[in-house]
Structure formats: C-alpha cells, structure tokens
Amino acid sequence: MLLDGKVVVVSGVGSGLGRAIAVQCAKAGADVVLAARTESRLTDVAEEVADLGRRALSVPTDITDDAACQNLLDSGLAQFGRVDALVNNAFAMPPLSDLATVDLDDVRSAFDVNVLAALRLTRLFAPALAERSGSVVMINSAVLRHSRRTFGAYKLAKSGLLSLAQSLAAELGPRGIRVNSVAPGYIWGDNLKWYFDYLASKRGVTPQDIYDETAGTLDLRALPEPEEIADTVVFLASSLARVVTGQCLDVNGGEYHH
Ligand SMILES: NC(=O)c1ccc[n+]([C@@H]2O[C@H](COP(=O)([O-])OP(=O)(O)OC[C@H]3O[C@@H](n4cnc5c(N)ncnc54)[C@H](OP(=O)(O)O)[C@@H]3O)[C@@H](O)[C@H]2O)c1
C-alpha cells in the first residue's frame, strides 16, 4: 500500500487516464479528491473508489477559474484535513493544425487549461503540500519527443508544462515538495480503441491488425493501458520516490528512449 493514509487530488477526472489515476491511487491506499467540470463522471469514479474501501470527494471544478480552484482546496482540506499529492491531469486538446495557420485564440485557450491552470493549482496547493512533504505530478505526453506536423500547438503546451514542472521543482524543493512529470505515449483506452476500429474499417483490415502494427513499433510490443501509466503516478507520489524531483518519466512501452 504505497499511498496508505495519503490524500491525492486529481484534476481532470474523465473516463481515461484521470479515472485510472484516481482508482490506482485508491488501490494503493489513498483517499482521493476528484476535480473536473462534469459532475456525473466524478460521481461514477467516486463510486468506484468507495467500492475499493477508500473515501472520494467529488468537487466539480473548472480549473481555469480562480474561485473554483480555491473551493477545490478548501473542500479537500475540510473533508480530509491534508493533501499529500496533486496530480495535474486535466487536458484540453490543442488545435491540430500547422503553426503557420493555427488560430492563436485556440492556442491560447488550450494553454490556459494545459499549462496555466496547472500553475494555478500547484501554487494554491503548495502550502498544504509543504505541511506533508507532498508532491506534484504533471501528466505530460510523448508529443515532447517528436515534432510531427499538426502537433505543434500540442507540443508547445506540453513543453510549457514540462518547463513549469522543472522550475516548480526548483522553487518548491526547499519547502520539501517534489514536482515530477509522467509522459505517456499511446494509451490503450476507449479513444484509441475507437480510432483503431475507424482505421481498420477504412483500410479493410481488422482492429487487431492495426493494434499489432502499432504495437510492433514499441520495444515491449504492447500498448500501455491506463492503469499501467497510472501506476507510475502512484510511484512518484509515494515515498519510494522521496528523492526524485524535477524529472520526467516517459511511460510508453519503449516507443521513444529518453
Ligand atoms: N489519451 C491519450 O492517448 C494520451 C496520450 C498521452 C498523454 N495524455 C495525457 O493524459 C492526460 C489525460 O488524458 P485523457 O485523454 O486520458 O483524458 P481524461 O483523463 O479522460 O480526461 C481529462 C479531463 O480533463 C477535464 N478538463 C478539461 N478542461 C478542464 C477544465 N477547464 N477544468 C477541469 N477539468 C477539465 C475534462 O473533464 P470535464 O470536461 O468534465 O471538465 C476531461 O474529461 C492529459 O494530460 C493528456 O495530455 C493522453
């Protein structure tokens, strides 16, 4: 039970990695605070956490809003009295078009959610985290490791998030707070399954063919599942990682080496 007795706040609890992070943290013994805008999804994940015998607090939150984030902190502390880890997972897909033509307002609003909101939450939670020698985990992406066309705005946002994590590690380290990043590549979840079904029907092959072709490019020949990525978050939030800070752990089955 790596997180026994700890309280973990997860931002952006959707059906994908956010849910998996909350559930794996609960399996590791943590109580969790769940934040996203869609209350019904938070309620579903909270039920899963309760079924595991841990406590979950759902706090509908728009992380681009100062007052909503303050409410998230206040609610978490009122319920549990402490916070040991903050996972900045929330994500808004930046526009997928070339930087030469991309709409700058779309880039700016994606930056608000993917970078500035992580800063907003981290500095708001810092005093509570300092009391517990706590840690922050930023969910990044393998987009850091390539520069393919149309991914420029995504890479810009995630590179900003990486820089934020590293600078915060330096600022918050003296207060005993660790700040790390996890960079997944493919995640074998509902979205990718849907996309592989679509590709398969377009190319007249089976979804398994697409899976095998894609997995064949990874050292481990299997696409990581959400829970497998979430387990690295559990590790970074745990005392096993007590001297790990300012680092980015690529969790991609060996797709890229870093
Ligand atoms: N999926 C992949 O293949 C993949 C690959 C590499 C990296 N990642 C990273 O993994 C993380 C999770 O991605 P995911 O696709 O699995 O998503 P997810 O965890 O299923 O959901 C992310 C959630 O963020 C929430 N969100 C968006 N804007 C918000 C806001 N203003 N305030 C509060 N919450 C907000 C959304 O919920 P509401 O709409 O309810 O607010 C959304 O459901 C992201 O950081 C992503 O970059 C994903």
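Modeller: Helices α1 and α2 (residues 39–51) pack with their axes 9 Å apart and at an angle of about 20 degrees, where axes are lines fitted to C-alpha atoms over the stretch in contact and angles run from 0 to 180 degrees between N-to-C directions. Helices are DSSP runs of H or I with at least four residues, numbered from the N terminus. This is a predicted model, in which local features need pLDDT of at least 70 and side-chain atom pairs count only at pLDDT 80 or more, while totals for chains, interfaces and linings use all residues. Residues are numbered from 1 along each chain as its sequence is written.

Colleague: Is α1 roughly parallel or oblique to α2?

Modeller: The angle between α1 and α2 is about 20 degrees. Angles under 35 degrees count as roughly parallel, over 145 as roughly antiparallel, 65 to 115 as roughly perpendicular and the rest as oblique. Therefore α1 stands to α2 as roughly parallel.

Colleague: Which residues of α2 does α1 meet?

Modeller: Contact requires C-beta atoms, placed from the backbone, to lie within 7 Å. From α1, the residues taking part are Arg19, Ala22, Val23 and Ala26, and their partners in α2 are Val45, Glu48 and Val49.

Colleague: How many residues of the contact of α1 with α2 are charged?

Modeller: Ala, Val, Leu, Ile, Met, Phe, Trp, Tyr, Cys and Pro count as nonpolar, Asp, Glu, Lys and Arg as charged, and the others, Gly among them, as polar. On that basis the contact of α1 with α2 holds five nonpolar residues and no polar ones, and the number of charged residues is two.

Colleague: At what angle do α1 and α8 pack?

Modeller: Helix α1 spans residues 17–27 and helix α8 spans residues 226–237. Their axes lie 8 Å apart, and the angle is about 55 degrees.

Colleague: Which residues come nearest to the ligand?

Modeller: A residue is near a molecule if its C-beta atom, placed from the backbone, lies within 6 Å of it. The shell around the ligand divides into ten nonpolar, eleven polar and three charged residues. Of the 24 residues around the ligand, those that come nearest are Gly12, Gly14, Gly16, Gly18 and Thr38.

Methods. Helix = DSSP H or I, 4+ residues; strand = E, 2+ residues; numbered from the N terminus. Contact = placed C-beta atoms within 7 Å.
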